[in-house]
Structure formats: structure tokens, C-alpha cells
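Hi,

Here is the structure I promised to pass on.

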Amino acid sequence: MDTKQFAESRGLCRRTFLKGTGAAVAAVVLAACSQATPKTPAEPQPTAEAATVQPITEPTAPPVAATTEVVEIEFWNPMSSPANKEIMPKVFDDFMAEYPHIKVEYELSGGPPGGGDFIEVLLSRVAGGNPPDAAMLWSPAKQFAVKGALYPLDDFMANAKYGGKDKWLPWVLSSCMWKGAVYALPTSAANGAMFMNTALFENKGQSTKREEFPKTWDELKDLAATFNEWEGDVLKVTGYVPWATGWTRPVWSQLNGGRWFDGAANKYVLDSEQNREWLNYMVGWLDEQFKGDVEKVNQSATFEGIWNGTAYYQGIEAMCDDGSWALTNDVPEEFHFEVARYPVGPSGSKSVTPWYPNWEVVLKGAKHPQEAFLFQEYFCTIGWLRWYEEGCPEMPAWTDADVSNRTNKKLISLVGEERAKEVESFFLTYLREAGMEMWTSPIESYAADVIGSAIDEVLHKTKKPAEALANAQQLCQTKLDEVLAS
């Protein structure tokens, strides 16, 4: 989102989601929403508190009849930044002006009322039959839907004022669906890109023109090598560390013509030639530019995205990849940047962009499901336009969104209106032309841990890519089969 609190509270969900932080969410979901199943060797065990939550069952579709009586709905939101606390109440007031028969009681502390872990308390309330009516999720909604924690929204969407099924980017809406039904709405699809530190580029005499940025991995690797400076075993300056940003790791598979999960077939496809080639390429990069030792890289600096404390922020990394929120999130005072599309791998055919949404859901057991849907629909459409302009430039997933006159105010203050409009246009065009399939697995968090561990094993050279991917494939598919059979 847009402040240091993003780095503190949301970082575990965005920046490191694919580097081992999904286990806690997976354990809580499985403990709260399913009966016990046999454990795979790598599966994390739920906490004692999580294990006491009772299973819930698959919900039926909610009624669709409206009411004119004033009803009060409860909404939980895991965001807690100052901007969130300032702007979201305005969005809620706008909604209540349009729907005066609905009053929204909201939680903006970043946790549940009274404290505790957001997901654990939320699912405990669902299991106990006393959930909030609606909530925002940072963890993929499909893994909650598969265990019956959410209401299906199809009947509501059939008569929706703004958010019918045909009003969303299809590859984003697919992350909200299970067995053909919709269980969430995406507020955004904040997509990724390559960021260039233009000051470092100019010091090296390298072009900062977007159209001249590398189009292939080989070109990117060669460019990155021109920036590397070592002082003994300490990497003082680098061009780029291609495996560092956790949430964007799936893009490298698809840039090389592969993928992690086949949503249409509902199966993992990790152990492919394209994925083996991708990880072998990363090992080659490690050997050529980083002395063959990933720990020397890890101990030199934090090479992940743009936020206070990272190498890019400190001006010692020439390139990184991150999402559109990085344009305004805790940026350096002198933010020298240009953005470009991801380069394509040896077996790839086109550039694609990863994206990260917020998922808005109506919880099973909601007292007022229709009113909760009206709120979530508004929040993800008209309401998100205000957040886009006043909060953070996270690209809308709503296809009717017109942001041509809603340039983000903070970005304007940083780079001027003309430049801000141009950069936002780049991200939105990239998303709509080349958004990739993501977040479609019912065990997304568990798989993120397993795949992250496999990548780390390859980079630490304890396993070859083929062995690591085969093991990850077996673990993920076994877990998926267990969940589908439960």
C-alpha cells in the first residue's frame, strides 16, 4: 500500500508471500475449515489454538431479496496504514450515501476487534457461526472457498449494478472462482514490472529508455553484470538479483513458457522442461555474477523490491521488480526510476506481468449477505477509484474503471502530473495486455512454501533443479488431492 506500515504489516503477505510465509495461513485455513487429513512430510502443523476450531460445511447460495430497513454490516480489513485509516472511511461514507439503508461498522486496526491473528480469529468466528459480514483477504480467496468458508456470489452478481461477471479482468476473476462459482471480488490487480534506478544507469552510461530495456534474459543478465561491484565477499553494488522478490517468482516460469499450476486442469505442472531450464538459468546467473554463493548475496543487503531498507531504496541496486504500489510506497526522497516490461526467457514467447489483488468476500454465516455483497461490490468498483486516486496506484480489476482523470495524487507530487499519468498508463496497459494466470490453486499458501523451499534448495545447491522440482511437484499434487477429496 503506501507507508512504512505496509513494510511492517503487509510485507509478509505481498513481498515474501512466495518465500515461505504461506504456511501459517495454510495451517489456520486447514484447521478451521476442514476435517483432518493425512499430512505430507513438509506440511506445517497447526497451532493448538487453530486445531480447536471446528469444521464448517459448504454453504448454500444466499437469498437475493433486498430490504429497505436500515441494516448494520460488519467489515474487517487487514490494512492499517495511516492512509488507509484516512481514506477508507471516506469510501465507506460514499457507499452509505448511495445505500442509506446500510450502515457499515468497520475495523481498520490491521487485526480483528480485540486483537489476535486476523485469519485465525476470522475463521474461528466463521466456524462459530458469528463472523463479520464481509472482509478483505490478502491470502488467496480460493483456499477459503474450497473449504466452505465463503458465500457464493453468483446470484448477487446476476443482478449487480456495477460488478457483474463480465465486468472483471477474466484472469483476475479466475482467482475468485471454485467449481464454476464466484466466491470473492478483486478490488485490484496491482501488477509488476522491472524498475530501473536511472541515476545508476546514467552513471554507467546505460540507456534509461523504456523501449531499449532488455527484451531477453540474456540481455538482462549482461546488463546487470555491468553494475556489480564486490568488496571481498560483500556485494557493494549490483545490477539485479532475479530471484529476490518472492511474490513475483511465478512470472519467471511463465516468461519461459512454463507455469506452476494449471487452473483449467486443476493440477500442478512444476516438473516441466521450461521450469528446469528457468532454475538452471538462475544457477548459472548465480555462478557467473555472485561467486556461486547465494549466502554472500543474502548477507550483503536485502534485494527485494522498493521499500525502506532494500538495496534499491539505498541506491545500490540498479534494477528490481515490484508492483505498481511501489510507485508511492515509502519511496526514497530522490526517487530516480523508469519502468519496463519483463524480458522473455529462452523458451518463452512473450512478456507477461504478475499481479496481486485484494480479495473481498462475504463470509459464511453472514447476518446480512446481500447487503454485504452490495458493499463489497461498491468497494471493488466505484470505491476503489477513490483509493486509486488518493491512496495508492493499484490497478483496478474492474474493466469499467475509468482512471484517465484519477491520477494518483501522491505520485503527482513525486514526479509531476504528466509523468504520473504516463507511468500509470504503462502499468494499466501492461496488465490488460499481458496479465498472467495466478492465484488459482486451492492450496496456494501451502504450495508457495513448498516451491519457495525448492528454489532455495536449488540456489543453495543442495538439490539440482530437476530433483527439487520433482519433489515439489509430488508434495503439492499430493496435498491438492487430499484437499479435493476431503
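To start with, what percentage of the 486 residues in the protein is buried? Buried residues make up 60% of them, where buried means under 20% relative accessible area, exposed means over 50% and partly exposed lies in between, using a 1.4 Å probe and protein chains only.

Before you read on, note that this is a predicted model, so local features need pLDDT of at least 70 and side-chain atom pairs count only at pLDDT 80 or more, while totals for chains, interfaces and linings use all residues. Residues are numbered from 1 along each chain as its sequence is written, and side-chain values use heavy atoms, with hydrogens and water left out.

Now the overall picture. The protein has 20 helices and 15 strands; these are DSSP runs numbered from the N terminus, with helices being H or I of at least four residues and strands E of at least two. Among the contacts (heavy atoms within 4.5 Å) with a separation of 6 or more, 77% are between residues 24 or more positions apart.

Next, the core. The largest nonpolar core holds 155 residues, a nonpolar core being a set of buried Ala, Val, Leu, Ile, Met, Phe, Trp, Tyr and Cys residues joined through side-chain atoms within 4.5 Å. Met 319 is one of the members that touch the most others, along with Met 88, Leu 150, Phe 195, Trp 252, Trp 355 and Phe 427. Leaving aside neighbours within four places in sequence, the contacts of Met 319 include Phe 195, Phe 213, Tyr 240 and Tyr 312.

You will find Phe 337 in the loop between β12 (319-323) and β13 (338-340), and it counts as buried because its relative accessibility is 7%. Beyond its neighbours within four places in sequence, Phe 337 is in contact with residues including Phe 195, Tyr 312 and Val 415. Phe 337 and Asn 197 are 140 residues apart in sequence, but 4.8 Å apart in space, C-alpha to C-alpha.

Glu 371 and Asp 133 are 8.6 Å apart, C-alpha to C-alpha, and 238 residues apart in sequence.

Finally, a helix pair: α12 (residues 273-289) and α20 (residues 465-485) have axes 9 Å apart. The contact is made by Asn 275, Arg 276, Leu 279 and Asn 280 of α12 with Pro 465, Ala 466 and Leu 469 of α20.

Cheers

Methods
Axes are lines fitted to C-alpha atoms, for helices over the stretch in contact, and angles run from 0 to 180 degrees between N-to-C directions.
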